[in-house]
Amino acid sequence: MRIMAQIAMVMNLDKCIGCHTCSVTCKQTWTNRPGVEYVWFNNVETRPGQGYPRRYEDQDRWRGGWTLNRKGKLELRAGGRLRKLLTIFANPIMPSIQDYYEPWTYDYENLTNAPLSSDIPVAPPRSLISGEPTKISWSANWDDSLGGDPSPDPVLAQVSDQVKLSFEEAFMFYLPRICEHCLNPSCVASCPSGALYKREEDGIVLVDQDRCRGWRMCVTGCPYKKMYFNHKTGKAEKCTFCYPRVEVGLPTVCSETCVGRLRYLGVLLYDADRVSAAASVPDERDLYEAQLDVFIDPDDPAVASADLPPDWVEAARRSPVYQLIKKYRIALPLHPEYRTLPMVWYVPPLSPVVDALAGTGHDGEDAVNLFAAIEALRIPVGYLAELFTAGDPAPVNTALRRLAAMRSYMRAVNLGEPHPVPPDAGLSEDELRDMYRLLALARYDERYVI
Amino acid sequence: MSAEDVLLKMGRFLRRSATSPDLRAVYLTGGVEGDAFYRDRWSHDKVVRSTHGVNCTGSCSWKVFVKDGIITWEAQQTDYPSVGPDRPEYEPRGCPRGAAFSWYTYSPTRIRYPYARRVLVDMYLEARQRLGDPVAAWAEITTNPEKREKYQKARGHGGLIRVTWDLATEMIAAAHVHTIKAYGPDRIAGFSPIPAMSMVSHAIGSRFVSLIGGAMLSFYDWYADLPVASPQVFGDQTDVPESADWWDAAYLMMWGANVPVTRTPDTHWMAEARYRGQKVVVVSPDYNDAATFADEFLSVRPGTDGALAMAMGHVILKEFFVDRETPFFTDYVKRFTDLPFLVRLDRNENTYVPGKFLTARDLGSSEEAAEWKTVLMSREGVPVVPNGSVGFRWTESGKGRWNLNLDTDPELTLHGRGEPKEVLLPRFDGGGVCHRGVPVTRIGDHLVTTVFDLLMAQYGVRREGLPGDWPTGYEDVAQPYTPAWQEPITGVPADRAVRIAREFARTAEASNGRCMIILGAGTTQWFHGDTIYRAFLSLLLLTGCQGRNGGGWAHYVGQEKCRPQTGWALLAGATDWSRPPRQTPGTPFWYLHTDQWRYDRFDAGELTSPLARGTFRGKHTADLITEAVRNGWMPMSPTFDRNPLDLGDAADPIAHTRAELRAGRLGYAAEHPDDPRNWPRVLTLWRSNLLGSSAKGDEYFLHHLLGATSNLEHPDEEAATGKLDLLLTLDFRMTSSTVFSDIVLPAATWYEKHDLSSTDMHPFVHAFNPAISPPWQTKTDFTAFHLIARAFSDLAKEHLGVRRDVVAVAHQHDTPGELARDVGPDLKLVERDYGAIAEKLAALGPLTEKLGLPVKGVTFLPDEEVAWLGQRCGLVPRGVAKGRPELDTDSKCCEAILALSGVSNGRLAAQGFRQLAERTGTDLDGLAHEGHRIVFSDTQARPVHVAASPEWSGKESHDRRYAPFTINVENGKPWHTLTGRMHFFLDHDWMHEYGEALPIYRPPLDLAALLGETGTLRYLTPHSKWSIHSEYQDNLLMLSLSRGGPTIWMSVEDAARIGVADNDWIEAVNRNGVVVARAIVSHRMPPGTVYMHHAQDRLIDVPKSEATGRRGGIHNALTRVLIKPTHMIGGYAQLSYAFNYLGPTGNQRDELTTIRRRSQEVRY
């Protein structure tokens, strides 16, 4: 056993309002400069929707992440290092600027400088790549809030039999994304220059700007497409988990500025010796449990004997991330089937539950009915399972049942019922109340424990 | 081992790193130079607290980062004081728009220098040189028809050139002086909305305009954000809970309010309250952002929300008042609503209609104001005049009796008491009139019933033994207001309406009134939005939810709470120097002066009740405006068809003016708005983008008010064009208003000045501070208006001197004037020393402590505060303001606002509550925190909690969340209404005329019938996710996250019908104008309705239209103002005028359009 620590994040999608404040503050802080105009270390996607870059989840096309070879060993889906070396001067498989979006600006100066003419001055759009006039036809967030046709969504394709894209059955939720700072990062393994590295002390995955040679293999390797190429410096860039802030005890910019208060930061301890095995379990649907097994209970006696700074151990004990992931099991990994063991997890969106019942004439407030309703959510469980559990509905169901149980129990408390009985979702009354505090009340210093 | 692994393994030994044994991962520990880039990027020199200052209710405190004297970015502050250990905190507050603000600082749309249109500048410079006098030069250019047309036609067509501040302010001063001299000061208007979000920036311009006698135009009603139902029902402008109080709600309906988009920083309360078991219901036409959080989503047809609410009211009255009495509800409506009050029935041929409230005078009382004292019936059948009606508010004998104490247990109904009678009630769903019985009794000569009995008849809730046509049950489709009746209207299944109404009322009963309805623009901004709101409010009033933490209405659109109201109002109205200021309702002002009235070609009687007496028949809506002005119900600018300074020249100006009016020699300007004597001549916009944002009927503005070219297809040839001599805008970015302006002044941004921010969404006040000095030649609004005032005073000293101004004042709400009925406006004389305007602008005038600071019927006397400000700010050494506290910097103004307001100065709050207690005779001790005091530096350090004050209706402190009317409910203080209670019934003649005495359903206007509109798609303009009104919609960050320009959302079905694909260029047209945009086709939109999100300006990516060959319009190119006459009622208790409190709303949701796919080749 080799215990290591990582700062991980959980986002509660049940609270995300899709406002994109995180995207903007991140962009303003890190990437509002030439060469990375198109880059959003943090972006927010409407689901169902194509994502950014579009259809990045289609690994048949983009070949990101890991697969198991015939011997059951992990190998990069895009091919091993030798193939990379051999193809190093050829274009790697990676999204084009059009798949991200061609950044643009406007001729704003016209508004002030236009000479006297026959019509109102205007600022037409102009490409920031070519400098030419352009018609805007794609952006970093083109399909926001179901704008346009979401059917090219690769996840949707997997559950198309369960979903009808009609007004009556419309559903949506938002998925904010940053780099996953994986335990088993395929970007690091893809880099022919060894410029990518995972920091030993906190697990943050970074690009050494001095060593990067701009081969862009990492862009291919990352299945989440969170490696970006700066076309001005010719180097790779990525989300840094705001290490200059985290190092001094400040939360990441995207966390601190999240007005939905849905992000949690905390320390997770894991056994580095078991990472490879966990990433290599044969059945994709076992990856979630396998990764959970890699995480170590901070109260485990082995932790005390590990060579970890005491304040890190203390932080791990108070880690909201650990509680959401491991204790309550309501947070789930994004696309575990990529086998990178991602470290940014998500509480799936619960709502709207009762609505699903409205048609049945049942009292949606009733806990028994609530559970039944989860099967008939506006947001299909199957869709969530394809995102978070390689298609296995069971863990998603467990998480949603626990959220529903908490609401039902707290409603009884709220309305002053004398002896509220929590619905059975595998959590005790005290656990439900603690979970409620963490999800609803958690203050700044309880959300971000670093 | 493969070859590649060998390579990597070698590399592993060449550098200081740890590679995992299977060579998958490379670990490094600290000390890498390669990461220095990001450390440098993060480093900064300082962090300054500020916020964003206009037209957003967020009032979020921000950290502005500065490096090397350059603003780099911003992030939210997280240091709000705690609101309690048992609830979520306010941190962080912000949204993506605010987070993108710093982009403007150095952006290419930033206005860096003063600009003016070259044709105007050339003519001005030539004339000035020739004539040697700026005022004469301005007079010549504006009165010479050729010159006038030359520069007016050039408006909006480019050709701006840089000018100096000196030249710009000289031209502005000359225009003001000439206008005052030639036409009158009330021909000058100022427009700047929403003071709460940057009080000093607003107040300084308003102060200048008020000092010279110009008119400040209202915005809240103009924006159609003012819910007229609020003055009607509550006698209050708008008072709503802070968002932390959503947490207290057990049941939350979001009705026409898309909270995640429009209240972004507050939304977490809603999301989190669900975890406390709050049930959430969303009612909206589209599957909107809020709906994603809802337990239930009801898709309602646009504008029919009132029908759904009426049906829910029907269910509540039936199940909780008739089938079973609910003591919690009954007790509440008896004490806090007008339901037990008696109403006279009037004869209508051989049947009856509801008339007026029975009053003490009807009982034969000759007591003071007996006609303003309403009556209820005791259990013993005796009429009783309870305390608390408006008749007790302003009379000497009413002292100590203006309270809600009921010495008797009133009867809610006369059912079973006397013979029932059939009354006629209007309906507007196409069904004629309703015949329904009410129990009555005779008091003296009067046949009376209770409001409750009328309400039961109106809602169609049958009770034994009453005659008339009643619904047979919930499933009766023909009779209003059953659940089945509403289904074909709203599209909401009847059983869901029943179930939600039932749950709502049950939850209210179980939680002691903790049900809340968040309502917004989607339901307010209709022509009949007030009826929609009254139907909502009825649900809350019937279930005891108003005046509760966690309960009641939460109106969130354009509502703003300038918490330190009194201090701000003093500075903004310059009432420390002269009273009264001219404050004019915006909607009728624009309606008249943009000539939109000419395009109303229907009779004002058209929309009245089937039971109307015909008062409006044969009249034009503009005639009703004149009538309201003549009655003293509502002010208008200009007021008279003569310069009010000339009237002031008479020996006794007031008597002279009255005589002239009587003799018919003096008329009201509103009677002939197109007469050049009656035009507004100078308009100044700051903190505002009128022409790119709020100007409903935008093309009429351009055509008639500005004389610019427009997209109006059939302009009225008889109408005047080019009324304005000068359009001046102060802004930091280019907008539709700046491109049409004659002169543009470069403003400092929110990160470049001192100011104050507050909102009703949270209980704090916090500061703006300059992160950098205003760059280039930009100046703060504060400095700019001082420069204008100085230039003005220099010219005015000679040209104008000291004059006397006759100001006509409407009967003001919260003053004894609210008992005036229709006696005509009050006339006041104001002396104006025009040479001293700049001096007065920069000092706190003596009326502050001499006359005190009136607010909501009490008057603060800030003697100690004025002395304190003198010490804090210094005293003016010489001139007219000698010895007065200086207000010559923005931070001193902040100090004055805080010192002179009750929420930030407990001494004044306590003083006000003592006065109030004298009037109510009830115990109000302990409401104020006498030692509470906020000074400006407190707000600079962190947001500071305000305290309770008579300025507002709710209690608040560190452990009490703000909810409106908690003082009324808990301390027996009356509402500011006729009965002193919340009103279901409005008995004014005009309300009867419009058929709206009781809550009722009125469908959206039929524009085909009224105005011949041929479009069939409902055109709605909800608030945008990517902007705050027009601000940020031009911001590159917001554009990059959206579709990068104007868009219209439409359903898959509607798009298919006209062959439109996602992102196709389309044109939307109707009789008012044309919009060119790109389509967003989405299955979240219901067929038949399109959304063009609000305030998409015409400056970014808007090509020329195919329809006109000219630049496409803004979202308001397709809308137009229609005036609802009932909004102009005045002099009648809560239906009395106050600025931004009551006035016709600029509703714009009843609009229709036709959309077609246009050529995909666009030209700019």
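Okay, a charge sits over a ring if NZ of Lys or CZ of Arg is within 6 Å of the ring centre and within 35 degrees of the ring normal. B:Lys561 does that with B:Trp952, lying over its face at 4.9 Å from the ring centre. There's also B:Arg1078, with its charged end over the ring of B:Trp1065, 5.6 Å from the centre.

Quick housekeeping: this is a predicted model, where local features need pLDDT of at least 70 and side-chain atom pairs count only at pLDDT 80 or more, while totals for chains, interfaces and linings use all residues. Side-chain values use heavy atoms, without hydrogens or water, residues are numbered from 1 along each chain as its sequence is written, and chains are lettered from A and ligands numbered from 1 in the order written.

Now, ring on ring. Rings of Phe, Tyr and Trp (its six-membered ring) pair if their centres lie within 6.5 Å; planes under 30 degrees apart are stacked, over 60 edge-to-face, the rest tilted. Over all chains we get 74 aromatic pairs. Take B:Phe234 and B:Phe965: the centres are 4.7 Å apart and the planes at 35°, so that pair is tilted. B:Phe234 is in helix α9 and B:Phe965 in the loop between β33 and α33, 731 residues apart. Helices (H or I, at least four residues) and strands (E, at least two) are DSSP runs, numbered from the N terminus.

Another tilted pair is B:Phe321 with B:Phe452, 5.9 Å centre to centre and 45° between planes. B:Phe321 is buried at 11%, and B:Phe452 is buried at 4%.

How values were computed: Buried means under 20% relative accessible area, exposed over 50%, partly exposed in between (1.4 Å probe, protein chains only).
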